[in-house]
Every structure is written in structure tokens, then in C-alpha cells.
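Here is a short report on a protein chain. Look at the sequence and the 3D structure first, then read on.

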Amino acid sequence: MADTPNGNTPADVAAPAPPPAAEGHLPSPVFANPPAYWNDALADAERLLRYAAESGIAVDEATRDHVLEARSAVTTGWTEDTAANLLSALTTLAALARPVSAASLKCCYDGTVPTVRSYLTMAIWLAVFIVPFSVVSFLASAISTTIRNDVVTGDALAVKLQTQLGFSEQQAASPSQKPCTPFTPGPAVAPPAGVDANEIVPELQQYASTIRAIDERARQLKWLVPNREIDPCGQFRQKPWELHQIFQLPAGLPNFAQAAQDRTTLYQDIRYFAQNLLDDETFFYGAITTCILPVLYALLGTCAYLLRTFEQQMASRTFIPSEANSARFLIAAIGGGIIGLFSNAINAGPTLPPLALAFLVGYAVDVFFSFLEGLLQIFTRNQSGPAPPPKTSTPSP
């Protein structure tokens with residue numbers, strides 16, 4: 001063991017004497033085993049003192065000196081006066097730094113990594129589910145809308161052409177012709193009397209184009225629905241010439257009525273195939289859009305709110321982790337589920353879709369509670385009926 005400059009070992013060196021007491025005041029005893037919270041109070045006071053110095057907050061000399069004396073007391077020994085002065089200095093610093101506290105400063109310096117990691121993990125998991133579901137649901141909805149519009153157009157053209165051209169004699173002579181198979185044009189037949197070829201040809205071209213569009217969109221939608229419907233023209237997909245005969249108008253249009261009837265026979269099969277896919281899309285993606293995506297968007301809104309609050313609190317040094325965030329996620333999930341199930345009954349404006357409303361509920365939970373309270377007041381007012389008339393008191397004689 002090394003000797004001291006005086007030749008004594010550390011064991012022989014006497015403990016430092018306590019600071020001299022003021023005149024008329026007995027010296028405070030040195031605590032052999034000071035409470036642990038005194039060291040915690042000293043650390044809090046030093047954090048607040050450092051924050052005050054960095055922020056330009058004026059601190060009186062007595063408060064500063066009390067903190068410095070407490071730091072010296074860690075090695076020289078805690079006395080009653082030192083502890084009392086430290087607590088007084090801590091109270092003064094806490095009042096000066098409010099709303100910043102020692103706990104928030106400690107969390108801002110030491111407790112941000114777990115919080116950021118938890119928010120990042122939650123955001124990544126939400127993105128893993130929200131992005132694919134949203135993209136697939138959007139594509140399926142867009143394709144379905146296009147198919148429905150084309151079906152309306154195809155139905156109108158089918159009725160119009162049937163009214164104008166009637167039924168082909170060749171088709172009537174061979175009613176066993178299987179639909180969605182290559183057709184062989186028959187001999188040239190003049191159009192019915194009063195039918196303008198310049199008007200019928202564009203309609204037939206639009207009819208054939210509409211059928212091809214429905215078929216193309218239906219095959220795209222088939223990849224997005226779990227239930228696989230049977231393609232009526234699947235056996236000809238790898239035979240370009242036969243597929244061309246099925247979907248294209250015959251060259252020269254020798255028989256308008258036959259061409260129209262052939263397209264109608266094909267259209268009925270393609271429309272049946274497309275409508276089955278539309279039913280599957282409504283079933284599967286309706287459940288996702290109504291039950292799953294609103295909950296996920298509400299949770300995403302909560303993440304956005306917490307990240308914004310975290311950024312503001314870090315800037316003002318008032319961040320303190322709270323267990324209430326878990327309850328906020330739970331409330332947001334419940335609110336998102338309610339928005340999805342009762343979206344038709346919620347009047348939030350014609351330009352606010354249910355998913356946007358679910359995100360708003362997650363971001364501002366107070367909006368959700370305001371909606372519930374307003375709905376409860378409506379039910380209560382309807383059930384309570386009109387209020388009774390107020391009683392009038394007669395003055396006593």
C-alpha cells in the first residue's frame with residue numbers, strides 16, 4: 001500500500017474535519033450512513049443547475065453554493081445542514097425550471113433510446129401490414145370499379161345490337177354451338193332493312209373492345225382474390241390464333257347479326273366469370289377494408305401522435321415515458337374497429353373516408369370520446385322525452 005507524503009498510510013490519516021459551525025450554532029453531526037435518496041437529490045439538483053446554466057436561467061449564489069457543498073459532502077460526509085440546504089436548493093431549482101423537471105431531464109438524456117426503438121418497431125410492424133393490404137385493396141377496388149362500368153356499357157350495347165339486328169339465322173340453325181369457342185364466319189348476309197352500316201360497325205367494335213377489356217380486367221383481378229374462378233377461355237390462352245378468332249370481329253363483317261350474336265354469347269361467359277370474381281373481391285377485401293385496415297390506421301394515427309408529442313417534449317426537455325401510451329393504443333384499436341363497423345352511420349363529412357377517420361381517431365383519441373358522448377346524448381334525449389314544465393310557487397299570504 002502506498003504511503004502518503006507524510007509517511008503515513010491512508011488508514012492512519014484522520015477523517016476530514018467538518019466545516020466550522022457558525023457562532024452560536026452547534027456543528028451538525030456527520031452521518032455515518034446517509035440515506036440513499038440524498039445522492040439522488042444531489043443528482044437531480046445538479047441536472048437542474050446544469051439546465052439552468054444552459055438555458056440562461058438566473059440562479060442565486062446561495063442555491064448554487066448549496067448544491068456545490070452537497071457535492072463536497074459526498075467525500076467529506078453528510079451533515080444535517082448540508083442535506084437541508086440541498087433540499088432547499090432543489091426546491092428552488094425545480095420552481096425555476098418548471099415545466100422541466102429533474103425526471104424529464106434524466107429521461108431526455110438517458111431514456112430516449114428505448115422509447116425511439118419501441119416507436120420504430122411499432123411503425124415497422126404497422127407498415128408491414130398496412131402497405132400490402134392498402135395496395136392490394138386499392139388495386140382490387142380500382143379493377144372492380146372498371147369492370148362494373150364496362151359491364152354496364154356491355155349490357156347496354158348487347159340490348160341495343162339485339163334490338164337493331166335481331167337473331168342470326170346461322171346461330172338459330174346451330175343452337176348447340178358452345179360459347180367461348182372460335183367461330184367460323186358464314187356467308188355474307190345483308191344487314192336488315194333500315195339498319196345503317198356506318199352506325200352498326202362502330203357499335204360492334206365498341207362491343208368487342210368492351211368484352212376484351214372486361215376479360216383483361218377479370219384476369220388481373222383473378223390474381224388478387226384467394227378463390228380461384230375457372231377461366232372460360234383458359235384452354236385457348238396459349239393459342240393466339242384461336243384466341244384472336246374468339247375476341248376479334250370477323251374480317252369484313254359479312255354478317256352483322258351473326259357477329260353481334262357471337263359477341264353476345266362470348267360476353268355472357270366473360271361477364272359471368274367477371275361477376276364471380278367481383279363477388280369474391282367484395283367478400284375478402286370488404287372484410288379487410290371494414291375490420292382490419294381501420295384498426296391498423298387508428299394504431300398508425302396513435303404512432304404519429306406519440307412521435308409528434310415525443311419530438312415536442314424532447315425539444316422542451318419535458319419528456320417522461322408513460323405507461324398510459326399502452327392504453328392509448330388499446331383505445332385507438334377499439335375506435336378503429338368501431339369506425340370500420342359503423343362507418344355508414346357516422347356523419348363525418350362527404351370527403352372523409354372511413355380509413356382517414358380511423359387515422360384521425362388514433363391521432364386524437366379525444367375526438368373519439370367526443371363522438372361517443374355526442375351519440376350518447378342523442379340516445380338519452382330521444383328516450384327521455386320532453387322535459388316536464390317547471391313548477392310555479394305561489395307566494396304565501
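Asp155 has 28% relative accessibility, so Asp155 counts as partly exposed. Arg271, at 24%, is also partly exposed. In this predicted model, Asp155 and Arg271 form a salt bridge, with their closest N and O atoms 2.7 Å apart. The pair links distant parts of the chain. Asp155 sits in helix H5 (residues 112-165) and Arg271 in helix H9 (residues 256-316), 116 residues apart.

## A bridge between H5 and H7

Lys160 pairs with Glu203 in a salt bridge, the closest N and O atoms being 2.8 Å apart. Lys160 lies in helix H5 and Glu203 in helix H7 (residues 197-222), so the bridge ties together parts 43 residues apart in sequence.

Lys160 is partly exposed, at 39%. Glu203 has 8% relative accessibility and counts as buried, because buried means under 20%.

## A network of charges

Asp215 and Arg237 meet in a salt bridge of 2.7 Å, N to O. Asp215 is in helix H7, while Arg237 is in the loop between H7 and helix H8 (240-247). Both residues are buried.

Asp215 and Arg237 also belong to a network of salt bridges with Glu216, Arg219 and Asp231. The whole structure holds 10 salt bridges.

## One side of H3

Helix H3 (residues 80-97) has 18 residues. At 1.5 Å a residue, H3 should span 26 Å, and its end C-alpha atoms are 26 Å apart, which agrees.

Which residues of H3 are buried? They are Thr82, Ala83, Leu86, Ala89, Leu90, Leu93 and Ala97. These residues cover an arc of only 125° around the axis, so they lie on the same side of H3. Their cover includes helix H1 (36-55), helix H2 (61-76) and strand E2 (78-79).

Technical notes: Residues are numbered from 1 along each chain as its sequence is written. This is a predicted model: local features need pLDDT of at least 70, side-chain atom pairs count only at pLDDT 80 or more; totals for chains, interfaces and linings use all residues. Side-chain values use heavy atoms; hydrogens and water are left out. Helices (H or I, at least four residues) and strands (E, at least two) are DSSP runs, numbered from the N terminus. The expected span of a helix is 1.5 Å times one less than its number of residues. Buried means under 20% relative accessible area, exposed over 50%, partly exposed in between (1.4 Å probe, protein chains only). The arc is that of the directions from the helix axis to the C-beta atoms. Contact means heavy atoms within 4.5 Å. A salt bridge is a side-chain nitrogen of Lys or Arg within 4 Å of a carboxyl oxygen of Asp or Glu.
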